[in-house]
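Biologist: Before we discuss the terms applied to this model, please show the sequence and structure.

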Amino acid sequence: MRALIYTRLNGAEVNDIKKIDSEFIRDNYRNNGLRIVEQNGICNDYCFKNNIEVLGVYSDKCTSALDPKQKRLQDALAYCQSHEGGVDLVIVTSIDRISPSSKSYIELMNSFWDCGVDIIS
């Protein structure tokens, strides 16, 4: 199995970002109790324990899940589309990292499914 990992900061925290040093964001800023590095760690641990090869890590920092232009999520989808059959999974710590809305989640999930990719959390 081969996977991409996707992480994202909580959109509610976006307004606070301008007040915080960028190094602090990268290393310490919390997202629903989980920093980006912690989200990456959880996903990587899952992959290691389940013998899943990680092909790449995509992180949207300071993006709302309601924003349809989540740059790194769109990059992950583009990678899956250009490597059809080469990626089996997108791993997230929580489905709300992809989208808090059922409708937009289903639309994104269908786009990944069209490439043969499942999203798991």
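Modeller: An open sheet of four strands, paired in parallel, has the order 4-1-5-6. Its edge strands are strand 4 and strand 6 (118-120). The model is predicted: local features need pLDDT of at least 70, side-chain atom pairs count only at pLDDT 80 or more, and totals for chains, interfaces and linings use all residues. Residues are numbered from 1 along each chain as its sequence is written, and side-chain values use heavy atoms, with hydrogens and water left out.

Biologist: Why are strand 1 and strand 5 called paired?

Modeller: Pairing requires that DSSP find at least two bridges between two strands. Three bridges join strand 1 (residues 2-8) to strand 5 (residues 89-91), so the two count as paired. Within strand 5, Ile-91 is the bridge partner of Ile-5.

Biologist: Why is Ser-59 called buried?

Modeller: Buried means under 20% relative accessible area, exposed over 50%, and partly exposed in between (1.4 Å probe, protein chains only). The relative accessibility of Ser-59 is 18%, so Ser-59 counts as buried. Ser-59 lies in strand 4 (residues 53-60).

Biologist: Which residues does Ser-59 touch, not counting residues up to four places away in sequence?

Modeller: Ser-59 touches Thr-7, Ile-36, Asn-40 and Arg-72 on that count, where contact means heavy atoms within 4.5 Å.
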